[in-house]
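Here's a quick briefing to read alongside the model. Have the sequence and the 3D view open as you go.

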Amino acid sequence: MIVTGLTLRRFRNYSEETFDFSPRINVITGDNAQGKTNLLEGLFLLSRGYSHRTHHMADLAMQGEKAPGRFAIEAEVTAHQTRHRLALLMKGGSKEWVVDGHKGRRQRDVHRLMHTILFEPDDLRIVKAGPARRRQFINEEISGYLPGYLPVLKTYKKTLSQRNALLKEVRRSPSAAVLLDGWDAQLVESGTKLVRYRLAYLKRLNETAKPLHDSLSNHKERLSLAYSSNLIDKAADEHAIQACFEAKLKDSRPQDIDRGATGFGPHVDDLSILIDGMEARKFASQGQQRTAAIALKLSQIAIYQKIAGESPIVLLDDILSELDDVRQEKILEILGQTQAFITCTDSRFSDRYPEAMKKIITISHGHQI
Ligand SMILES: Nc1ncnc2c1ncn2[C@@H]1O[C@H](COP(=O)(O)OP(=O)(O)OP(=O)(O)O)[C@@H](O)[C@H]1O
Ligand SMILES: [Mg+2]
């Protein structure tokens, strides 16, 4: 899929701006604070339904406007050999999705036709960071291509916070403990589904990330990934996960009541990343950690291609400037025919690409010049 055009209205620092894009490489350049990331954010938001930078939709509307909270993002895309017009209209605090002029569509109708994968400098820290960052990575990537995942995740998180609130209540009045059985059953149901999704995803991730990492490390190192869970220690079927989760919740109930928090479940799981058999987070060098992070992130392109039969749209925000020439070259090679948007303050890196393959868009104060 490719996005051929985009219009941003009252979005961030764009009052109204229309862009035409190259089907290959779009280099978005300009000084700091001109609107380069805002442009990528517009593409990401339209395709995913949320911003990677804020949970508050009101932040996204141009500040100081007469009609606060209103903005529009419109795009022309080609997916499955057909052209479509997609729009997100934000007004009065609610989102409206429009596909080919039909109002009242759902976000997932837009997502089917436009999928973005965003890569930003913080992603280079996936390997080095704590487990919460890696869970966020897993959650974002799975929900990117499996629409069923996010609702399960939301149900799980909601149930977990209700169970935790009840645990605290039980500490004050022990008779409330009878209500815990109901929450435990609900937690086990959505938690088991989450673990199953994640295990299936990890299998795919291993298959794609290993060869990518092999090439990125010049065949010097071996990457392996495993789902690290406090419920199961190897691939298990639904019943086994369910039974284990039930038993752990039951056994740990007294401790959970003491702490007012749930100690077992997918909310504390992690992605274990090994390089040559050693835990990368603890033992790998900064450069090795970055290479592994790039392999994990770039795997998303191939995983999506396999599932959707289409290439996603790749957004690289300030990422190339963080990497040496060899890695920059490899990334651009791996992108292949995929449409990419690359922001940078210095567009010289793209000199080696023929004019026909790229378009350079220079942004200044929310306008292209
Ligand atoms: N809601 C908004 N209304 C108006 N302007 C906004 C809004 N949100 C952000 N901005 C402005 O957008 C600019 C930042 O844009 P952006 O993050 O896209 O910069 P950038 O070109 O990517 O810069 P850098 O190279 O530093 O990453 C800032 O000047 C900020 O004040
Ligand atoms: Mg930026």
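Let's start where the two domains meet: five residues of domain 1 are in contact with five residues of domain 2. On the domain 1 side, helix H10 (residues 325-335) supplies the largest share, three residues. That side divides into one nonpolar, one polar and three charged residues. Keep in mind that this is a predicted model.

**Domains**

- Six strands form an open sheet with antiparallel pairing, and the order reads S2-S1-S4-S5-S6-S7.
- At the edges sit strand S2 (14-20) and strand S7 (102-105), each pairing on one side only.
- From one strand to the next, the twist averages 20°.
- Strand S1 (residues 2-11) and strand S4 (residues 71-79) run antiparallel and are joined by seven bridges.
- If you want a specific pair to look at, Leu8 has Ile73 in S4 as its bridge partner.
- Helix H1 (residues 36-48) lies across S1, S2, S4 and strand S5 (82-91), and runs at about 105° to S1.

**Two loop residues with positive phi**
- Most residues other than glycine have a negative phi, so a couple of spots deserve a look.
- His80 lies in the loop between S4 and S5, and its phi is positive, near 50°.
- Is His80 buried or exposed? His80 counts as exposed because it has 11 C-beta neighbours inside 10 Å, and the cut-off for exposed is 12 or fewer.
- Asp100 is in the loop between strand S6 (94-99) and S7, again with a positive phi near 50°.
- Asp100 has 13 other C-beta atoms within 10 Å, so Asp100 is partly exposed.

**Around the ligand**
- How many residues surround ligand 1? There are 16, and the closest are Asn13, Asn32, Lys36, Thr37 and Asn38.
- Sorted by class, the shell around ligand 1 has nine polar, four charged and three nonpolar residues.

How values were computed. Residues numbered from 1 in each chain as written. Chains lettered and ligands numbered in written order. Predicted model: local features only at pLDDT ≥ 70, side-chain atom pairs only at ≥ 80, totals over all residues. Near = placed C-beta within 6 Å. Nonpolar A, V, L, I, M, F, W, Y, C, P; charged D, E, K, R; others polar. Pairing = 2+ DSSP bridges. Helix = DSSP H or I, 4+ residues; strand = E, 2+ residues; numbered from the N terminus. Axes fitted to C-alpha atoms, helices over the stretch in contact; angles between N-to-C directions. Contact = placed C-beta atoms within 7 Å. Buried ≥ 20, exposed ≤ 12 C-beta atoms within 10 Å, placed from the backbone.
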